[in-house]
Structure formats: structure tokens, C-alpha cells
Amino acid sequence: MSPRAQTGESLEGRVVASHGRDAAVLDGSGRRIHCRLQARRLTVVCGDRVRWVPASTEGGEGHIIELLPRANLLARLTLRGDAEPVAANLTQLVAILAPLPAPDFGLCDRYLAAAEWNGLRACIVANKSDLAENARSLAASLEEYSQIGYPVLFTSKRAPDGIAALHEQLAGHTSVLVGQSGVGKSSLTNLLVPGVEAAVDEVTRASESGRHTTSTSSLYALPSGGELIDSPGVRDFSPPLPASREIAGGYREIAGLPAQCRFRDCLHLREPGCAVAAASDKGRISPRRLESYRRLLALAEEMAGRQPHVKR
Ligand SMILES: Nc1nc2c(ncn2[C@@H]2O[C@H](COP(=O)(O)OP(=O)(O)O)[C@@H](O)[C@H]2O)c(=O)[nH]1
Ligand SMILES: [Mg+2]
Ligand SMILES: [Zn+2]
């Protein structure tokens, strides 16, 4: 596009839904504008700040011409090894688990690691607490997370007090709800955001022209002043991985251990004099979390095209 076409016309907005080349943008007065992406190379996700230009013909339509700098970006690794953006400009990640589908704690660890690397606050929500028997064993498994400082909240679409506590946790934050398909992200969103169903319909309609199916994220304003992003369910998730020595930064109990390993560059695998392995032997670090860290490290090495350290 020529620079002249942009002059004096572009406005700032916030992406509240995106789907292929279509996006819904909130303008300064809270009006929802259906926008198309102007340039091929542009991709936007929920939470993005953009500059857009109203279409000359109809009202309520426009083109996104520029993506403004992101404070942070939650992304996922695709099977091909590319980083695919999920949501931007977040302050909190909410990892949701449930007794059903069977909880995947490795998945939860990878979400939490993504939060740590992005400097986001994080908490865990154990949903479907009405499924009594299984919910109790889930609660027991989640103790290792509360021990390392992650708030663990218990919710059910049938119990208002859990929802009230979740409201408090979300107040004033831009939060993304993440977790396996079927844990209840959308159900919780419906309980947290009044009138959300209408907005969901609107997003679906705006994207009907697209060739893709409906899985998409949406950002909603919370009554408490925060914002909530409901992300599409996943079967698996890994964030793009940093260099090997930075993987531990995704595991706060490992990163927070006073540096007492014999080797300064210890990766806490099988090095002699490893303080992390010792802490795990003494029960101060969860052996499961340490194993989860080692698996993620092995994946990082594999992605970097090196021989993994762990060969057994
Ligand atoms: N028993 C029970 N079922 C729930 C609860 N929350 C959601 N569900 C059910 O779990 C299924 C998946 O919910 P959904 O919100 O679509 O999950 P999402 O894929 O994470 O968005 C639906 O059948 C919901 O009715 C809950 O608190 N208790
Ligand atoms: Mg959903
Ligand atoms: Zn070590």
C-alpha cells in the first residue's frame, strides 16, 4: 500500500477475535469493527494492538494495516517446528485441568514454562470439581503446584463460589485460558462473562466466509475490569523453546534453587554434584517435574538439531 493511503486515516484498535484473514477489532469507543488483513505477511491474534483504516464504503468495516509492537506473545510449536502465535499482550496464563479428559501434567508444565519465559503470572484451575471421586485425586496431584507457589483454584459450572474466586484471580489482568479440549474453557468463559454467547455468535458469523473451521480465540471484557481470552482446545502444546540453558527458567523451583551445582553450566541431567538432582532425591523438588524439565530439555536439543543429552 502506498504511504499516502495511510496518512491521517489510520486508527488504533485491539484485536478481539481473528480467523484467517478476518479479524474483529475494537475501536477507541468500544465499537466492534470487522477487518480484513491488508498485507499478506501480517498475522494478528487476540490481544494484538493494530492500526486499521475504515473501509471507504460501509460502516463497521475496515482493513488492518499495521501490527503494533507486542509486550509478549504466547505461541505454540507446530508439527513442522514453526512458532504459531496464540495470543498477545497477556499478563496472566490460566492452565485448566479437569478429571475428564484425563489430566496431562506434562502439558500443564509446558504451559507454565511458557508463562515463566514470557514473564506472565500463572495459575491453575481444576475444573469439574463436581465429578467428586476423580476430582479428589486431581486435587492431590495438584499439590505439587501449590507447593511451588502457583495458585490452584477449584471450579465447577455447578458451584458459584469457585467461579467467584476465579473472578478475583482474573480481576485487572489480561488472562488466557488454556488447556486440553473439553476441560471446560468455554463453559467457564460463559459463566465469567455476561452475555458472552452473543459475542460468540458474532465471531462465528464474521468468519463464515473463511474456509477454516470454527476453532478460534476470542477476547472478552470482564465485569471486574480484566480481560479474558478463551483459546481453542488443543490435544498437545509446546511453546517455542529457548536455548538449553534457559529451559530451567520455565521451572520456577529449579530456577529458584540456590546455584550449588558443581558445574556452573549444569543442565541437571546426570552431572556429578548436581544440586537439583540432590533436591529431588530429598523430596524437595518433585521427581515428576524434574523429569518433565529433562524431557523438555531433550526436545529443545532435538529442535536445535543436536544430539539429546538423555539417551536412556
Ligand atoms: N461435570 C461438569 N462438566 C463440565 C463442567 N464444565 C464443562 N463441562 C462439560 O465439559 C464439556 C466441554 O466443555 P467446554 O467448555 O466446551 O470445554 P473446552 O473445550 O475446554 O472449551 C462440555 O460437555 C461441558 O458441559 C463442569 O464444571 N462440570
Ligand atoms: Mg472451547
Ligand atoms: Zn545441576
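**View 1. Asn127 sits in the loop between strand 9 (121-126) and helix 3 (132-141).** Helices (H or I, at least four residues) and strands (E, at least two) are DSSP runs, numbered from the N terminus. This is a predicted model, in which local features need pLDDT of at least 70 and side-chain atom pairs count only at pLDDT 80 or more, while totals for chains, interfaces and linings use all residues. Residues are numbered from 1 along each chain as its sequence is written, chains are lettered from A and ligands numbered from 1 in the order in which they are written, and side-chain values use heavy atoms, leaving out hydrogens and water. Asn127 counts as buried because its relative accessibility is 5%; buried means under 20% relative accessible area, exposed over 50%, partly exposed in between (1.4 Å probe, protein chains only).

**View 2. The side chain of Asn127 meets that of Thr155 in a polar contact of 2.9 Å.** A polar contact is a pair of N or O atoms within 3.5 Å; within protein, one must be able to donate a hydrogen and the other to accept it, and residues adjacent in sequence count only if both atoms are side-chain atoms. Leaving aside residues up to four places away in sequence, Asn127 also touches others, including Ile96, Pro99, Lys157, Val183 and Leu188. Contact means heavy atoms within 4.5 Å.

**View 3. Ligand 1 has 15 residues around it.** Asp130, Lys157, Gly182, Lys185 and Ser187 come nearest; a residue is near if one of its heavy atoms lies within 4 Å. A nitrogen atom of the ligand lies 3.3 Å from a polar side-chain atom of Asn127. One backbone N or O atom of Gly182 is 2.7 Å from a ligand oxygen atom. The side chain of Ser187 has an N or O atom 2.6 Å from an oxygen atom of ligand 1. Of the 580 Å² of accessible area that ligand 1 has on its own, the protein covers 71% (Shrake-Rupley method, 1.4 Å probe).

**View 4. The largest nonpolar core has 34 residues.** Such a core is a set of buried Ala, Val, Leu, Ile, Met, Phe, Trp, Tyr and Cys residues joined through side-chain atoms within 4.5 Å. Leu74, Leu93, Ile124, Leu142, Tyr145 and Val176 have the most contacts inside it. Helix 2 gives the most, with seven residues. Leu74 touches Leu93, Ala114, Val176 and Phe237, among others. Another core lies apart, with 20 residues, among them Cys261, Cys266, Ala277 and Ala300.
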